[in-house]
Amino acid sequence: MKKKIALSVNAGSSSVKVSVYDVEFGQAPVQLAEAQISGLTSPPPTLKYVRDGKTVIKAKEVDDNIEGQRDAFSLLLETLVEDEDLPQIKSKEDIGIVCHRIVHGGDYSKPQLISNETYEHLENLNDLAPLHNANSLGIVQLCIRALPTANNVACFDSQFHSTIPEHIRTYPINRDIARSNKLRKYGFHGISYAFITRSAAEFLGKEPDEVNIIALHLGSGASACAIKNGKSWDTSMGLTPLAGLPGATRSGSVDPSLVFHYASDVGKLSPASTSDLHISRAEEILNKESGWKALTGTTDFGKITSSAFSSSSSSSSSSSDDDDDDHEVMKLAFDLFVDRICGFIGSYYVSLRGKVDALVFAGGIGEKSPQLRAAVVDQISCLGFQIDDEVNNKNEIRNVVEEVGKKGGLDEPRVLVVQTDEQFEMARACAEDAEFW
Ligand SMILES: Nc1ncnc2c1ncn2[C@@H]1O[C@H](COP(=O)(O)OP(=O)(O)O)[C@@H](O)[C@H]1O
Ligand SMILES: CC(=O)OP(=O)(O)O
Ligand SMILES: [Mg+2]
């Protein structure tokens, strides 16, 4: 019987989440601890640490030396190795497998053991996920050096979407150029969508290949996915994670010509480019200088929601003009997000021919914002979705899957919140593949 300690590393655009598992070949991983640093785009970043399901560190502000995902990972690794109450990791040599979330996996259709060859192949994809891939590869490099006895495995966000049919993944451009430059819809957040599909199917009492779901992964990056018979049918992100819904610093889909009217130098390489990542000003503007940050000044959707719903409207005599402006712009951002999300739901509902078992909310915003869930479901009530206000407004979602919709008739679609767990999903995939043992 083979057993290993696995570390699952999820470097998102605003956070790094690491979970530790006891894994036995072919079995479901058992979580021992999880640690995360969030708020990398709204400093100071905060550290949370949970061991054995108990919170050890709730939200400790960590200092400004955390420059990005790689620094955040170093601190997380140190936290785990130095914790005397985590005897499974007494030293770095105890870690047997590291599963890395790599957002853009190109044509890879299964997780890969990271060799020199895979690493070089992945490096070539860095420019197609400018907020993610190079950061993740930085963490891979660090692990190769710091954890020499561990197998490093790359798990891809894009893998789940390899089932998207050709007429949906094709862009209407010159076919030869599309083929030679590999220009197509890849889609992301797929590790999360795989977890969501299995969890929602189990909750609904169906096999994964029997469920049709419209899933929303709403975090710093946000996307929607139409899941047909358990497989990705369409998703809102595209060649890169920029397309579709807006995010913390991303514009989401805009008229492709917009950027040429935004500034004159957009075709030039940005000074922020490095040897690992070549990014044009156009890409920098749309990926890093747009979204909630550009519109409202904050990347924290929690702040946007509370200000949008605060009572500092013009009727309140005690509120200042600044508060009123703030309230208005936050409300604008909130309404804009609801509009874009509902646009995808409507489109996917039709694309799935109205056969939808459930709408699923997940990701930092999807899991933590009852106001957003209520506003979205209210706008799509014509499709039969209904929120249950009492359950939806409960302070905390405790179970992996919670129903926040009203259960109507047998054919009425359900509304669920899934606490997605990309780290678990990666560890599960690695536990099943003999190549990584
Ligand atoms: N109470 C809340 N209400 C709404 N949004 C929240 C709340 N708490 C956190 N968020 C949002 O969740 C986002 C983080 O989501 P997450 O999925 O963890 O991000 P990442 O994309 O880095 O993986 C933050 O940017 C923040 O805007
Ligand atoms: C793909 C993507 O945008 O991921 P995240 O939301 O974790 O930044
Ligand atoms: Mg994420």
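**A binding site and a ligand shell**

Guide: Let us begin with Glu422, which is part of helix H15 (residues 422–431). Please keep in mind that this is a predicted model.

Visitor: Is Glu422 buried or exposed?
Guide: Glu422 counts as buried, because 27 C-beta neighbours lie inside 10 Å and 20 or more are required for that label.

Visitor: And what does Glu422 touch, leaving out residues up to four places away in sequence?
Guide: Glu422 touches Asn10, Arg101, Ile191, Ser192 and Phe195.

Visitor: Where is Asn10, then?
Guide: Asn10 is found in strand E1 (residues 3–11). Asn10 also counts as buried, with 25 C-beta neighbours inside 10 Å. Setting aside residues up to four places away in sequence, Asn10 touches Lys17, Arg101, Glu422 and Gln423.

Visitor: Which feature does UniProt place at Asn10 and Glu422?
Guide: The unreviewed UniProt entry gives "binding site" for Asn10 and Glu422.

Visitor: Changing topic: which residues surround ligand 2?
Guide: The residues around ligand 2 are Gly12, Ser13, Val103, Asp157, Phe188, His189, Gly219, Ser220, Gly221 and Pro241.

Visitor: How many of the residues in that shell around ligand 2 are nonpolar, polar and charged?
Guide: The shell around ligand 2 has six polar residues, three nonpolar and one charged.

Visitor: Which domains supply at least three residues each to the shell around ligand 2?
Guide: Domain 1 (3–156) and domain 2 (205–418) each contribute at least three residues to the shell around ligand 2.

How values were computed
Residues numbered from 1 in each chain as written. Chains lettered and ligands numbered in written order. Predicted model: local features only at pLDDT ≥ 70, side-chain atom pairs only at ≥ 80, totals over all residues. Near = placed C-beta within 6 Å. Nonpolar A, V, L, I, M, F, W, Y, C, P; charged D, E, K, R; others polar. Domains from an automatic or database assignment. UniProt positions renumbered as here; feature names shortened; annotations may be inferred. Helix = DSSP H or I, 4+ residues; strand = E, 2+ residues; numbered from the N terminus. Buried ≥ 20, exposed ≤ 12 C-beta atoms within 10 Å, placed from the backbone. Contact = placed C-beta atoms within 7 Å.
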